[in-house]
Amino acid sequence: MLMDLKTAIFYAFAAILVFAALRVITARNPVHSALFLVLSFFTASALWLLLKAEFLAITLVLVYVGAVMVLFLFVVMMLDINFDQLREGFWNYFPLGAAVGLVMVLEMAMVLTSQKIGLDQLASPPDPAAGYSNTKELGRLIYTDYLYPFELASVVLLVAIVAAIALTLRRRKETKYQNPAMQVRVKRQDRVRIVSMPSEKKQEPLAPDSVGTSG
């Protein structure tokens with residue numbers, strides 16, 4: 001039985017996505033890994049388009065490809081990275097990484113083979129009714145049924161941002177900085193001293209004797 005055009009496109013994009021994901025972790029050059037990650041994002045957005053999730057597909061391209069990956073490429077290309085030092089210790093962490101990857105594969109298999117969600121439901125979503133808005137329905141679900149998980153994810157991201165700033169902040173001795181607590185406690189007499197002095201000094205006239213002797 002021949003597959004239809006939609007199924008063939010799905011398998012083509014899925015194969016490209018798997019290849020790009022493998023090249024992300026196997027490429028020796030970080031710039032090449034980032035470019036393969038961009039390719040995987042594009043193919044993932046194409047799969048979401050096939051699943052009729054247009055808003056998520058456009059968001060993936062705009063946010064990750066348009067902002068995050070461009071910033072990552074600039075950082076990687078501007079930094080002087082020692083590739084030999086970067087490759088050290090790869091095989092030491094390989095067993096742990098392989099175990100985590102195996103756990104993720106098992107979790108995905110359990111989700112796909114469960115009774116509530118099957119492959120037939122993922123491959124052929126129901127056709128939306130007339131006037132259906134994907135963005136409106138997504139917003140309704142986020143702020144009604146999944147409000148608490150959405151807020152929890154926001155708090156986790158905020159904590160991650162603060163932790164990243166705290167880890168990368170290094171105080172240098174030669175850097176000049178100000179202490180806000182000392183600025184708040186400062187008083188006027190500690191910084192400014194008002195001195196009363198005349199605006200101009202009158203010059204006393206010279207005596208006649210001194211003028212004659214000087215000539």
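**Exercise 1. Decide whether F41 is buried or exposed.**

Step 1: Buried means under 20% relative accessible area, exposed means over 50%, and partly exposed is what lies in between (1.4 Å probe, protein chains only).

Step 2: F41 has a relative accessible area of 17%, so it is buried.

Before going on, note that this is a predicted model, where local features need pLDDT of at least 70, side-chain atom pairs count only at pLDDT 80 or more, and totals for chains, interfaces and linings use all residues. Residues are numbered from 1 along each chain as its sequence is written, and side-chain values use heavy atoms, with hydrogens and water left out.

**Exercise 2. Work out how the rings of F41 and Y64 are arranged.**

Step 1: Know the rule. Rings of Phe, Tyr and Trp (its six-membered ring) pair if their centres lie within 6.5 Å; planes under 30 degrees apart count as stacked, over 60 as edge-to-face and the rest as tilted. By this rule there are four aromatic pairs.

Step 2: Apply it. The centres of the F41 and Y64 rings are 5.4 Å apart and the planes sit at 45°, so this pair is tilted.

Step 3: Find the partners in the chain. F41 is in helix α2 (residues 30–50) and Y64 in helix α3 (residues 54–78), 23 residues apart, so to speak a link between distant parts of the chain. Helices here are DSSP runs (H or I, at least four residues), numbered from the N terminus.

Step 4: Check the cover on Y64. At 42% relative accessibility, Y64 is partly exposed.

**Exercise 3. Find which residues make up the largest nonpolar core.**

Step 1: Recall what counts: buried Ala, Val, Leu, Ile, Met, Phe, Trp, Tyr and Cys residues joined through side-chain atoms within 4.5 Å.

Step 2: List the members. This core has eight residues: A34, V38, F41, A44, L60, V65, M69 and L73. Helices α2 and α3 each supply at least two residues of this core.

Step 3: Zoom in on M69. Leaving aside neighbours within four places in sequence, M69 is in contact (heavy atoms within 4.5 Å) with A34, L37, V38, F41 and Y64.

**Exercise 4. Say how many helices and strands the chain has, and how much of it is buried.**

Step 1: Count the elements. The chain has 11 helices and zero strands.

Step 2: Look at the cover. Of its 215 residues, 11% count as buried.
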